Amino acid sequence: MSAQAQIKRQTVVDIVAHKNGQPVVMLTAYTAPMAKLFDPHVDMLLVGDSLGMVLYGMDTTLPVTLEMMIAHGAAVVRGSQQAMVVVDMPFGSYQESPAQAFRNAARVLSESGAAAVKLEGGEEMAETVEFLVRRGVPVVGHVGLTPQHVNAFGGFRSRGRSEAEADKIRRDAQAISDAGAFAMVIEGTVEQLAREITASVNAVTIGIGASPACDGQVLVSEDILGLFTDFRPKFVKRYADLASTVSDAAATYADEVRSRAFPSAEYCFGVKKG
Ligand SMILES: Nc1nc(=O)c2c([nH]1)NC[C@@H]1CN(c3ccc(C(=O)N[C@@H](CCC(=O)O)C(=O)O)cc3)CN21
Ligand SMILES: CC(C)C(=O)C(=O)O
Ligand SMILES: [Mg+2]
């Protein structure tokens, strides 16, 4: 037995206890070192398919593969101790059928060690959500602005600001909650709608650009750290400006190498005595 006290990871039961209580805190993490830094502060870590855009420079999340999600999911599980780790199912890995979704979700859980998967969609995904949940796969839903629909929506635009769109999102949220999703991300919509959904569904609602009326909040970590600067959604608050810190460090290193100021004696090995 290790002398170190065991830290227990948060489970579905712990997260569901936040419904109508203390807000759930979620951040994205893609790598072990970032997961290690965020872990003491958050309830949930999301290995988002946004990693395609943030880490790999893709224009959308569509080219992200199951192998990428499993590799980054495993890294985040290794880097964290207490947060519940949720992995996004990438585009094309779950929409075909409930059987396809189960096969791929089972790989994500077994190969990464994460505790739940997240998938985008509403009414049309309800049958799949129920299929997964009944077979032991905890599911987080994602409604409103669903980035994997970028080609259908014609961009990353806010949703549910007309009564017709709001009605569709209301039905989407109800359907996946009734299908057994224990939580759902609500992205890019107005407070009134987020408040109604939060009041009417059993699932814990986690907002991103969806007002404080949700049961919790999530943002992309590189956005709040000022590390990702290609675009800035309206809902992103910057809590740091690490891009300039990183750039300044690289510039100083480059100057010192070119002037031979680095490596100075303290960074060099000496010959052994005797
Ligand atoms: N770094 C990052 N942060 C995210 O929040 C994020 C990703 N990547 N990748 C996946 C999706 C894409 N998301 C996005 C991307 C862009 C906007 C954006 O620029 N929205 C504009 C309005 C654009 C329009 O109306 O055409 C805004 O002002 O919020 C919003 C959400 C959210 N997700
Ligand atoms: C922005 C969050 C909700 C997400 O789905 C992602 O990071 O991929
Ligand atoms: Mg995502």
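Author: The account below begins with the annotated residues, continues with the ligands, and ends with other local features.

This is a predicted model, in which local features need pLDDT of at least 70 and side-chain atom pairs count only at pLDDT 80 or more, while totals for chains, interfaces and linings use all residues. Residues are numbered from 1 along each chain as its sequence is written, and chains are lettered from A and ligands numbered from 1 in the order in which they are written.

An unreviewed UniProt entry gives the annotation "binding site" to Asp-49, Ser-50, Asp-88 and Lys-118. UniProt positions are given here in the numbering of this model, feature names are shortened, and annotations may be inferred rather than shown by experiment. These four residues are spread over 70 residues of sequence, yet they cluster in space, with a largest C-alpha distance of 12.5 Å.

Asp-88 belongs to strand β3 (residues 84-88). Helices (H or I, at least four residues) and strands (E, at least two) are DSSP runs, numbered from the N terminus. Asp-88 counts as buried because it has 29 C-beta neighbours inside 10 Å. A residue is buried if 20 or more other C-beta atoms lie within 10 Å of its own, exposed if 12 or fewer, and partly exposed in between, with C-beta atoms placed from the backbone. Apart from neighbours within four places in sequence, Asp-88 is in contact with Val-47, Gly-48, Asp-49, Met-69 and Lys-118. Two residues are in contact if their C-beta atoms, placed from the backbone, lie within 7 Å.

Lys-118, one of the contacts of Asp-88, lies in strand β4 (residues 116-118). Lys-118 is likewise buried, since 24 other C-beta atoms lie within 10 Å. Leaving aside neighbours within four places in sequence, the contacts of Lys-118 are Leu-46, Val-86, Asp-88, Met-89, Val-140, His-142 and Val-185.

For "active site", UniProt lists Glu-187, again in an unreviewed entry. Glu-187 is part of strand β6 (residues 183-187), and it counts as buried because it has 25 C-beta neighbours inside 10 Å. Beyond four places in sequence, Glu-187 is in contact with His-142, Gly-144, Leu-145, Ile-208, Gly-209 and Ala-210.

The ligands come next. Around ligand 2 are Thr-28, Leu-46, Gly-48, Asp-49, Ser-50, Asp-88, His-142, Val-185, Glu-187, Ile-208, Val-218 and Val-220. A residue is near a molecule if its C-beta atom, placed from the backbone, lies within 6 Å of it. This shell divides into 5 nonpolar, 4 polar and 3 charged residues. Here Ala, Val, Leu, Ile, Met, Phe, Trp, Tyr, Cys and Pro count as nonpolar, Asp, Glu, Lys and Arg as charged, and the others, Gly among them, as polar.

Ligand 1 is surrounded by 15 residues, of which the closest are Ser-50, Phe-156, Val-220, Pro-233 and Lys-234. Helices α3 (51-54) and α10 (221-224) are the elements that give two or more residues to this shell. By class, the shell around ligand 1 has 8 nonpolar, 3 polar and 4 charged residues.

Met-69, a contact of Asp-88, also takes part in the contact of helix α4 with helix α5. Two packed helices are described by the angle between their axes and the distance between the axes. Helix α4 (residues 66-79) and helix α5 (residues 98-112) pack at an angle of about 30°, with their axes 8 Å apart. Axes are lines fitted to C-alpha atoms, for helices over the stretch in contact, and angles run from 0 to 180 degrees between N-to-C directions. The contact of α4 with α5 comprises 6 nonpolar, 3 polar and 2 charged residues.

Some backbone features remain. Ser-211, in the loop between β7 (204-208) and β8 (216-219), has a positive phi of about 80° although it is not a glycine. Ser-211 counts as partly exposed because it has 17 C-beta neighbours inside 10 Å. Asn-20, in the loop between α1 (12-16) and β1 (24-28), also has a positive phi, near 60°. Asn-20 counts as exposed, since it has 9 C-beta neighbours inside 10 Å. Finally, a cis peptide bond with omega of about 0° joins Phe-262 and Pro-263, and Pro-263 is found in the segment after α11 (242-258).
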